[in-house]
Amino acid sequence: MMPEEFQNISACSDPLTENNQNSFLHSTLEKFFTAKTRTLKIDKTDAVAVIELQRYLTEQQNVGQQPPDSYSYDMIVTDGVWQAKCILDRSLNHLIHKNIISSGIDIHITQCSFVYNERRLGQGCVCIEKIEHGSKESNVLRKIKDLDSLPMISKDGFGNIVALQSDSPLQVGRKHYLSLWNNEDPEGRLWVPDVPPSDVVLDVSKMTLLCDLESSLGCMFRPLPLIVRVIHKSRLRYYGKPGLKMNYPYQAYFEVADQSGTMSLVLWNELCPEWYQRLNVGTVLYLQNYTLKQSYQNRSRPHIDNHRMKSFHSVEICLNPRNPTAVLTVVPAKSVPPQWGLPEVSYQFTVRSELESLASNSACDVIGLVTFVSRVERIKSKGNTGPEKYWTYRWVHAVDGTSNIPFILEIFASSQPEIFNGIYPMTYLVCTQMRKCQEPDSLPYLTSSCETQIFTTGYHKGQPYVSDPRVKSFIQWTKTLKDSVMLKKTAVGGHYCFPHAPLIFTQSVADGSAQVPLVAANDLKSEMEGLHYREHKRLAIQGQVMAVQYVTLPEETLSDQQMVQSVVAVSDPPSDQRTVEVTQMLINRETAPSSVQSSPSRRKRKRAKKRVMKRRYITRARVQEKREAGHGLTEEELSEEESDSETEEVGPLEKRTDQSRASGQLGPPDIPQSKGATEERSVADCDRTSWESSSWPKQRQEVLEYLHPGGVYSESLSQRFRFDDKTLLLQQSNLHAARWTPEQTTDTLSSVTCKGYYKITILGINQQMAIDAAFVPVMSSGDPRSLGLTQDPHDNTLLSCLSAGFICPLADPLSQSEVALPEPEEILATAEELKDTHLVCILDLCHLGGEKVEVIITKVYRMTDIALV
């Protein structure tokens, strides 16, 4: 008996018979059959490319058995002739956790086995047990013209080579995949996309209202049908865990309303893949066969005071896939008569000038023009009783014209992966149900809630908020803007953490708790090794600064930066580059704004033009060059611009600069190296660009361990946004894609917001552990990290710079006058005051994939800045 998901390919494989002998995958599967062995070691192995990685909850084998990892992975590989879908042995899971194995790379399979499903007849799959890493830029994929045309093979329990048609996990106990990096985003073809509803004929002769449902709780009879409008939508909640016998353990909350009030509606299990993406804010539903239960009180709820309707919190509506099977019908907007009395969706838009007066933890909706988008990072969820999981999030700055200070938005994944991954500067962003956060000594910021929905260019059409007065006012303001001005104020990616560390470091005397966890220096290694891909963690350690070295960016990066400055200076067009009718752009556009893609010939030239990366140290002339960045609009600049001409989005300003890459280097070039960076310097350079405590040479011999992270990487630095490079910038700032696409590239861009950094050597207070951390001071008010810094003047000693986080005074990129900033050697000349000084150092750790762990020192506290409470 052949399993249903397998289809014999003996007929369709005839055209490929002549290629089978050249197929590594095909010959490997044949060896399993001919050798009659379960495990196969491969001495001579060809490279195969990783096409896709797929994650799912591990199937519990025995009662009470807890697997070492809660998740398993399927991997799709190709040798250029066939594709094969295999299980990855759990001993290799850590390679995915660190993003060492990723889509788009070549690997060599050196050992694999065939795993039979002992509970199913005729089912089994190949398990990859040992691999060797290959090229980060796949040579196999480069030769494939049409990936989808390659047939997929597997092997069933009877020794036949068959085509694998199923889109479900190879472990047959699981029915669906999870998103590779979080549990909130829908993943796979089983999630039905939002489609326009068809015309329906409804029987509304016997209906009930929400206000009548509270008295119906516990009644034996089935409640009458409901007609309601969705006014709020939560993100998905995945509650699966090993041992839970449920195929689709999902849940999603909606707030629905009719003329009598509002109530919570819960979508359960199999209904989530079928309906979650089809139920949006504003959707009208006709509900039958629903059930009622007592409401779960210990959950977050959206703030809906602005609806001025009664809320029923004691009961919630449950839509179940069975017992009974709920019946949902989406009613087209044109078929909703006024006599139903359904309330319209309303919003509470807050402008930036009003944010300070908003109470802490208040909910609000915002709209703004994006000026900065951080890279996507992950943090481990707290208090999670299920399998270990991570929240994904990013920081965004957005301006609305009512203040010189932008909104600072902390946006977590909201089960809208296309929108979340598609945020970039110069787009119009709407975020609903954001909560205000206010930390001491910091600007207020907004963080997303479980009910937050985000929308950006290409997704505004048809949304209920487009007619809101404050949205219309924002649209009118954007008509006064000009791309050439706003692009100077944009940035993408790089290290960013908010809010900044407080002025005073406090620790509780009772339990030792602090705002930032204070850890022993000896624990740093385990903290770094335990990080998963793009996981961010902020820690504090006690110690002393023993050595400081200033490291500049490669010369090619500086040249590219000067080129961009030159373009900005001479190519500002006389008319607005983006005064397309903004109402059309925000409301009527079906797709995101087109961007100019790099031509194939241009990309080939860039790949061919590989230059050797050279480390060059600071000179006085280069320090005095004007930093090119941007922040804020002046009235004079706005008054110069024309707002009535219609032009294209992409102008001469977004000229693409050539890319510098090390010859033969795999992946993004790392700007510094943690070892050997000082060997290229002359004695004179060493005197000017480094400092070392006189006691360090001896103490260095006595430390038990000295950690050398890589310092500052290309992913550590923000870059100016250019429409030409939009696809590449989005790729670099987002998490690595689970599936390889032809657009995926290993090219990198040069940073334009940083010219160098300080490598700080910290010795733990017990002198057993030392670590190198990078200090990248803020130099310009155009740096996204400058927002919210307490910019009190200081004397630019190294200690004061480390304490403040910036060089004083910050350069203004919009000013015509030069700012005489101190040279690094001048700052290093003051480093002697650090000798024997007991400090508390705030460190930001982030795993950037592979062997790259970013360790950045963001602030130091002297003991006079410590408070025990």
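A disulfide here is a pair of cysteine sulfur atoms within 2.5 Å. By that rule this structure has 0 disulfides. You are looking at a predicted model, where local features need pLDDT of at least 70, side-chain atom pairs count only at pLDDT 80 or more, and totals for chains, interfaces and linings use all residues. Residues are numbered from 1 along each chain as its sequence is written, and side-chain values use heavy atoms, with hydrogens and water left out.

**Stop 1: the cysteines**

Select cysteine 127 and cysteine 125. The sulfur of cysteine 127 has its closest cysteine sulfur in cysteine 125, 7.2 Å away, which is too far for a bond. Cysteine 127 has a relative accessible area of 6%, so it is buried (under 20% relative accessible area; exposed is over 50%, partly exposed in between, with a 1.4 Å probe and protein chains only). Now jump to cysteine 808: the nearest cysteine sulfur belongs to cysteine 801, at 8.4 Å, and cysteine 808 is in no disulfide. Cysteine 808 is buried too, at 13%.

**Stop 2: aromatic pairs**

Rings of Phe, Tyr and Trp (its six-membered ring) pair if their centres lie within 6.5 Å; planes under 30 degrees apart are stacked, over 60 edge-to-face, the rest tilted. That gives 25 aromatic pairs. Pick phenylalanine 254 and tyrosine 276: this pair is tilted, with 6.1 Å between centres and 55 degrees between planes. Phenylalanine 254 sits in strand 12 (residues 250-258), while tyrosine 276 is in the loop between helix 5 (271-275) and strand 14 (284-288), 22 residues apart. Helices (H or I, at least four residues) and strands (E, at least two) are DSSP runs, numbered from the N terminus. Both phenylalanine 254 and tyrosine 276 are buried.

Next, show phenylalanine 349 and tyrosine 465. Their ring centres are 6.5 Å apart and their planes at 75 degrees, so the pair is edge-to-face. Phenylalanine 349 and tyrosine 465 are both buried.

For a cluster, select Phe372, Trp395, Tyr445, Tyr496 and Phe498, which form one aromatic cluster.

**Stop 3: charges over rings**

The rule is NZ of Lys or CZ of Arg within 6 Å of the ring centre and within 35 degrees of the ring normal. Arginine 299 does likewise over tyrosine 253, at 3.8 Å from the ring centre.

**Last stop: confidence**

Colour by pLDDT, the predictor's confidence in each residue, from 0 to 100. The mean is 80, and 77% of residues reach 70 or more. Residues 556-687 have pLDDT below 50. Where pLDDT is low, the predicted coordinates should not be read in detail.

Definitions and conventions
Contact means heavy atoms within 4.5 Å.
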